[in-house]
Amino acid sequence: MARTIINALFVLISLSMFLPFVLVITSSFSAEQSIIENGYQYIPSMWSLEGYQTVFKSPAILMRAYGVTAFITVVGTLCSLLLTSMTAYVLSRRDYSFNRPAAFYVFFTMLFSGGLVPFYILMTQYLHLKDNILSIILPGLLNVFYVMIMRSYMLKIPFEMIESAKMDGAGEFRIFFRMVLPLSTPGLATLGLMISFGYWNEWFNALLFLENQKLAPLQLLLQRMIRNIEFLTSNSDFVSQFGIEVSLADLPKYNVRMAMAILAAGPMMFVFPFFQRYFVAGLTIGSLKG
């Protein structure tokens with residue numbers, strides 16, 4: 001009976017997550033008029049591709065934004081995993097003399113933040129990263145919470161293995177890259193998935209630091225498209241004063257939002273199943289203790 005109740009509970013939780021996603025998919029294929037008259041429906045009264053047609057009116061710009069986002073995600077995730085794992089490895093070594101001060105120095109940054117204005121000044125005035133793709137990659141390279149997860153995972157590795165490797169003449173870098181990292185694959189896969197999600201959905205730092213349209217990532221491009229469409233559709237009288245056709249102000253906006261959500265989240269949905277096995281193992285084995 002207890003197992004049945006637990007299974008039924010998780011079925012309800014799964015449906016509460018899956019059904020809204022199905023609604024997003026069906027709404028992206030709904031006609032604008034159908035959404036206006038009947039709202040979002042699982043089975044629309046009128047099917048249409050106008051949402052996707054609106055988004056793909058400039059396919060070159062969209063593909064370029066996909067390329068920028070893919071580059072940011074791949075490079076940022078790999079560099080972040082390397083930096084996070086190296087930091088966590090140092091903090092997990094019991095024979096490191098400054099283990100406690102270093103751990104305090106790292107974890108103390110979770111309590112306070114410098115604020116948005118100092119962060120902007122640092123990136124633009126001191127690092128000179130205005131209109132530079134590194135302004136999107138650098139801020140997410142090291143997350144203290146991820147360091148804590150990876151440190152907890154590496155503490156599970158027997159220290160005797162490291163000592164025996166040192167006795168055989170292996171250096172620190174050899175131990176780290178040839179022994180510790182292969183044993184930490186589930187933890188790396190878990191953090192890699194989380195980090196890649198963060199980079200893929202990044203738009204706020206791009207909004208702050210990127211003015212060059214060619215460097216705009218996918219999420220920022222879609223956000224600007226939604227903002228422009230809403231402006232045109234809600235200010236048709238103002239737009240018509242500049243000689244713009246009224247039909248341009250009647251662009252679809254409800255199904256476009258859903259189409260953009262599918263285009264933005266679609267690639268990551270195909271990536272997740274390949275990491276699911278490592279993801280579950282990383283969460284259970286590398287879980288934090290209270």
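The legends below describe close-up views of a predicted model. Local features need pLDDT of at least 70 and side-chain atom pairs count only at pLDDT 80 or more, while totals for chains, interfaces and linings use all residues. Residues are numbered from 1 along each chain as its sequence is written, and side-chain values use heavy atoms, with hydrogens and water left out.

**Figure 1. Overall content of the protein.** The protein has 15 helices and 0 strands; these are DSSP runs numbered from the N terminus, with helices being H or I of at least four residues and strands E of at least two. Of its 290 residues, 37% are buried (under 20% relative accessible area; exposed is over 50%, partly exposed in between; 1.4 Å probe, protein chains only). Among contacts (heavy atoms within 4.5 Å) between residues at least 6 apart in sequence, 71% join residues at least 24 apart.

**Figure 2. Helix α4 against helix α11.** The axes of α4 (residues 59-92) and α11 (residues 185-200) come within 8 Å and cross at roughly 140 degrees. That angle makes α4 oblique to α11. Axes are lines fitted to C-alpha atoms, for helices over the stretch in contact, and angles run from 0 to 180 degrees between N-to-C directions. Angles under 35 degrees count as roughly parallel, over 145 as roughly antiparallel, 65 to 115 as roughly perpendicular and the rest as oblique. Residues of α4 that meet α11 include Ile-72, Gly-76 and Ser-80, and the α11 side includes Leu-188, Leu-191 and Gly-192. By class, this contact has 9 nonpolar, 9 polar and no charged residues (Ala, Val, Leu, Ile, Met, Phe, Trp, Tyr, Cys and Pro count as nonpolar, Asp, Glu, Lys and Arg as charged, and the others, Gly among them, as polar).

**Figure 3. Helix α4 against helix α8.** Here the axes come within 8 Å and cross at roughly 55 degrees, so α4 and α8 are oblique to each other. In α4, Thr-84, Ser-85, Thr-87, Ala-88, Tyr-89, Leu-91 and Ser-92 meet Tyr-146, Val-147, Met-150, Arg-151 and Met-154 of α8. The contact of α4 with α8 has 7 nonpolar, 4 polar and 1 charged residues.

**Figure 4. The largest nonpolar core.** A nonpolar core is a set of buried Ala, Val, Leu, Ile, Met, Phe, Trp, Tyr and Cys residues joined through side-chain atoms within 4.5 Å. The largest has 37 residues, and those with the most contacts inside it are Ile-72, Tyr-89, Met-150, Met-154, Ile-175, Val-180 and Leu-191. Elements giving two or more residues to this core include α4, α8 (144-154), α10 (172-183) and α11. Helix α8 gives the most, with 7 residues. Beyond its neighbours within four places in sequence, Val-180 is in contact with Tyr-89, Met-154, Ile-157 and Ile-175. A second, separate core of 17 residues includes Leu-62, Trp-200, Met-260 and Ile-262.

Figure 5. Glu-211 is placed in the loop between α12 (204-209) and α13 (218-234), and counts as exposed at 54% relative accessibility. Leaving aside neighbours within four places in sequence, Glu-211 is in contact with Lys-130 and Asp-131. Asp-131 lies in the loop between α6 and α7 and is partly exposed, at 31% relative accessibility. Phi of Asp-131 is near 60 degrees, a positive value in a residue other than glycine.
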